[in-house]
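I opened this model to look up a few local features. My notes follow the order in which I checked them.

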Amino acid sequence: MARVLVVDDDHTVREVVVSYLRANRHEVVEAADGETALKEMRTQPADLVVLDLMLPGIDGLEVCQRLRQTSDVPVIMLTALGSETDRVVGLEHGADDYVTKPFSPRELVLRVDSVLRRAGERAAPTGGTVTDGDLVVDSGRHQATRAGSPLALTGREFDLLRFLLENPGQAFSREELLQRVWGWSFGDQSTVTVHVRRLREKVETDPTRPTRLVTVWGVGYRWEAAA
C-alpha cells in the first residue's frame, strides 16, 4: 500500500480515480489545485502524485517543477486531448509517466503500480558500481557522477544510464528500452526519446553531436563505451 496524492480540479475525475486507487488498497488524499497539492506534499509527503496538467492558479507543470526542486517523488501527469507536445513537455518538466484523458481508470492504476514498483527497486538497489571513462554509476548510493561531479538525474534518467552502461555496444529499440529499463509492457515510445535527449544534455560534451549515447538509425540507441 502506498500513499497517493491525486490532484485534479474536476471533482468527478478525482472521485473515480480515488475510488479505483482505494480499491487497489492505496491510501489516497486529494487536492483540487496546485497550491493545495504543494502544501500537502510539504506537510505529509505522498509516495506518488497523480497530477493534472491543467489546474487553476499554479498549473501542473509548475507544480511538477517545484516538486523536483526538493523531491524525487514519482509523478504521473494527466494530459488532455492526447497532445504529443503536452506529453513531451510534461516529461521534460520531470514527470515519470503520463496518462491521456479520457483514460481508463484501470490503466491508470496499472501505471501507478508500475511506477511505484520501479521507485521501490531504486530505493532498495542490489548494489554495484558501473564505470565508463569519467562516468561512475553507483547503484547502492543511487548516484551518478561525471569527472567527480554529481549528475542531477531523475530516477528514470538514472535507470536508463545504468542500463546502458551495463550493456555497452548493444543497440536497443525504444520498445525494448521501455520494457527492459522501466518494466513497461505498454506506453508511448516518445517517453524514451525525451529521456535520451535529457540524458545526452548531462553526459555528452556536445549533446547535438553525441558520441556516447548514439542513435542507431532504424533501430534505436546504443551506448559507446569509452576507449
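I began with helix α1, residues 11–23, in this predicted model. I counted helices as DSSP runs of H or I with at least four residues, strands as runs of E with at least two, both numbered from the N terminus. α1 has 13 residues and reaches 18 Å from its first C-alpha to its last. That is close to the 18 Å expected at 1.5 Å a residue, the expected span being 1.5 Å times one less than the number of residues.

Which residues of α1 are buried? I found Val13, Arg14, Val17, Val18 and Leu21. Buried means under 20% relative accessible area, exposed over 50%, and partly exposed in between, with a 1.4 Å probe and protein chains only. An α-helix has 3.6 residues a turn, so residues three or four places apart point the same way. On the other side of α1, I noted Thr12 and Ala23 as exposed.

Next, the two ends. At the start of α1, a side-chain oxygen of aspartate 10 comes to within 2.9 Å of the backbone nitrogen of threonine 12. After α1 comes arginine 25, with a positive phi near 75°, although arginine 25 is not a glycine. I placed arginine 25 in the loop between α1 and β2 (27–31). Arginine 25 is exposed, at 67% relative accessible area.

Alanine 147 sits in the loop between β8 (143–146) and β9 (149–150). Its relative accessibility is 62%, so alanine 147 counts as exposed.

Then I checked a cis peptide bond. It runs from lysine 101 to proline 102, with omega near -10°. Proline 102 lies in the loop between β5 (97–101) and α5 (105–123).

Last, a helix pair. The axes of α7 (174–182) and α8 (190–203) come within 9 Å and cross at roughly 80°. That makes α7 roughly perpendicular to α8, a label for angles of 65 to 115 degrees. The contact (heavy atoms within 4.5 Å) involves Arg174, Leu177, Leu178 and Trp182 of α7, with Thr191, Val192, Thr193 and His195 of α8.

On method, residues are numbered from 1 along each chain as its sequence is written, and side-chain values use heavy atoms, without hydrogens and water. Local features need pLDDT of at least 70 and side-chain atom pairs count only at pLDDT 80 or more, while totals for chains, interfaces and linings use all residues.

How values were computed
Polar contact = N/O pair within 3.5 Å; in protein donor to acceptor, adjacent residues only side chain to side chain. Axes fitted to C-alpha atoms, helices over the stretch in contact; angles between N-to-C directions. Parallel < 35°, antiparallel > 145°, perpendicular 65-115°, else oblique.
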